[in-house]
Each structure stands twice: as C-alpha cells, then as structure tokens.
Amino acid sequence: MRTPVAARQAAYTVISVVAALTSVGIWLLMIVDEERSVGAATLEMAVKFTNVTVVLVGVVAAWIALDAAPSPARAIAHLTVMVMAVVTAIVNAVLLDPTLPSGWWGVVDLSQHYAIPVAVVAAWATLGPPAEVPASSSGWVVVVPFAWLMFVLARGMVTESYPYDFLDAAEHGWVRVVATVSALFVAMLAIGASISTVDRRRSHDARSS
C-alpha cells in the first residue's frame with residue numbers, strides 16, 4: 001500500500017510532467033503556428049504571467065516530488081506557485097477572454113488556465129505538503145509576481161507592447177493600471193494568507209488529535 005509520502009510524490013510528479021509538456025507545447029506552438037523565432041518564443045515565455053506560472057509550477061512540483069523533506073524555502077515556493085496558479089485562473093475568467101481557442105492552442109490553454117491550477121490546489125488539499133508559511137513571511141508570495149510586473153512594464157515603456165491589455169497605461173492611464181494591479185496583489189496576499197491559515201489549523205488539529 002502506498003504511503004502518503006509516496007502518493008504525494010506520485011501526484012506532484014504528474015503535475016510536474018503536465019506543466020513541462022504544457023510549457024514546451026506553448027513554446028513550440030509559438031514557433032510553428034505563429035512563426036516566431038526561437039528567441040522571440042523564449043522571450044514570450046517570460047513575458048506572459050501564465051507561462052511563467054506554469055514553468056514555476058513544474059519546477060516546484062518536481063522539487064516536492066524528488067525531496068520529501070520539508071523546508072521553509074520550499075514552503076514559500078509552494079505557496080507562491082499555488083497563489084500564482086489561482087490568480088492565473090481568476091484573471092483569465094474575469095479580466096481576459098475565458099473562451100478556449102481551437103486546436104492545440106485550446107489544449108494548452110485548458111491545461112494552463114484550468115487543469116494545472118485545479119491540480120495544484122487539489123494536490124495540496126488532499127496530499128500536502130502543507131504550505132504553512134509564518135504570517136511574517138507571507139509577503140514573499142508577491143516577490144516573483146512583482147519582479148515579473150516590473151519587467152513587463154519596463155519592457156512595455158520601450159516597446160509599447162504589453163502582454164495583457166489591462167497593463168497598457170497608454171490606453172487606460174496609469175491610475176487604472178495601478179488600481180487593477182494593486183487589487184491583484186491584495187488578492188494574492190489574501191489567498192496566500194488563507195492557505196497558510198488553513199494549514200496552521202490543520203497542523204493544530206493534527207497535534208491535538
């Protein structure tokens with residue numbers, strides 16, 4: 001019979017493989033279908049928040065699958081990718097067009113916006129590991145998203161091109177862009193705090209039983 005650790009490692013191995021296949025699929029579709037150069041497709045992987053999220057989910061899932069020993073760094077990384085995955089699904093549904101495109105683009109879109117976020121949260125909820133990050137460290141969940149935001153805004157000022165319409169200050173004005181981004185970061189912090197709170201209660205209940 002599989003131990004909980006073995007089941008967890010198996011689940012995160014599957015998530016890591018799916019995330020890797022999704023990332024490679026997106027990259028190849030940009031090269032083949034959109035006729036982008038290898039360099040342009042690679043840069044686009046860093047420009048789109050969803051693409052960054054999928055890559056990081058794959059990395060952290062592999063980390064969990066290969067190393068059963070918990071650590072504060074892994075807990076923060078795990079919490080960060082869960083928050084990013086959930087926000088990716090929410091933004092796609094609320095601020096972007098949630099309609100699935102046709103063909104292979106529809107397959108990767110379904111994976112990155114729906115399957116992977118659901119899988120990451122479901123694995124955490126049923127198998128762990130707990131993303132039990134102290135309240136004093138919860139702010140770390142926005143470090144990667146903030147670094148990505150600074151990158152795309154700086155790039156947009158030079159190229160006048162933004163990965164998402166709601167970031168285009170030339171069209172919407174900086175007040176609206178800042179308000180939208182601020183709301184998203186508040187949501188990230190709230191989601192991260194909620195996940196950590198659930199895990200702390202789980203740990204307390206486990207010790208009490």
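**Figure 1. Three salt bridges in a predicted model.** The structure holds 3 salt bridges, and the model shown here and in the views that follow is a predicted one. As a reminder for this close-up, side chains of opposite charge can pair when their charged atoms come close. Let us start with R36, whose side chain meets that of E34 in a salt bridge at 2.6 Å, N to O. R36 is also bridged to E44, with 3.7 Å between the closest N and O atoms. E44 in turn meets K48 through their side chains, at 3.9 Å from N to O. Taken together, E34, R36, E44 and K48 are linked in a network of salt bridges.

**Figure 2. Accessibility within the salt-bridge network.** Here we look again at the four linked residues, E34, R36, E44 and K48, and ask which class each belongs to. E44 counts as buried, at 13% relative accessibility. R36 is partly exposed, its relative accessible area being 30%. E34 is partly exposed too, with a value of 38%, and K48 counts as partly exposed at 26%.

**Figure 3. Helix α1 and what covers it.** Which residues of α1 are buried? They are R8, Y12, I15, S16, A19, T22, S23, G25, I26, L29 and M30.

Figure 4. The model has 4 aromatic pairs. In one of these, F49 and W148 have ring centres 5.1 Å apart and planes at 65°, so the pair is edge-to-face. Because F49 lies in helix α3 and W148 in helix α6, this pair ties together parts that are 99 residues apart in sequence. F49 counts as buried at 9% relative accessibility, and W148 is buried as well, with a relative accessible area of 12%. W148 also pairs with Y164: their ring centres are 6.2 Å apart and their planes stand at 55°, so the pair is tilted. This pair links distant parts of the chain, with W148 in helix α6 and Y164 in the loop between α6 and α7, 16 residues apart. Y164 counts as buried, at 9% relative accessibility. Ring pairs link F49, W148, Y164 and F166 into a cluster.

Figure 5. E35, in the loop between α1 and α2, has phi near 55°, a positive value in a residue other than glycine. Is E35 buried or exposed? E35 is exposed, with a relative accessible area of 70%. E160 sits in the loop between α6 and α7 (169-172). Although E160 is not a glycine, its phi is positive, at about 60°. E160 is exposed, with a relative accessible area of 69%. Finally, the peptide bond from G128 to P129 is cis, with omega near 0°. P129 can be found in the loop between α5 and α6 (143-159).

Definitions and conventions: Residues are numbered from 1 along each chain as its sequence is written. This is a predicted model: local features need pLDDT of at least 70, side-chain atom pairs count only at pLDDT 80 or more; totals for chains, interfaces and linings use all residues. Side-chain values use heavy atoms; hydrogens and water are left out. Buried means under 20% relative accessible area, exposed over 50%, partly exposed in between (1.4 Å probe, protein chains only). Helices (H or I, at least four residues) and strands (E, at least two) are DSSP runs, numbered from the N terminus. Rings of Phe, Tyr and Trp (its six-membered ring) pair if their centres lie within 6.5 Å; planes under 30 degrees apart count as stacked, over 60 as edge-to-face and the rest as tilted.
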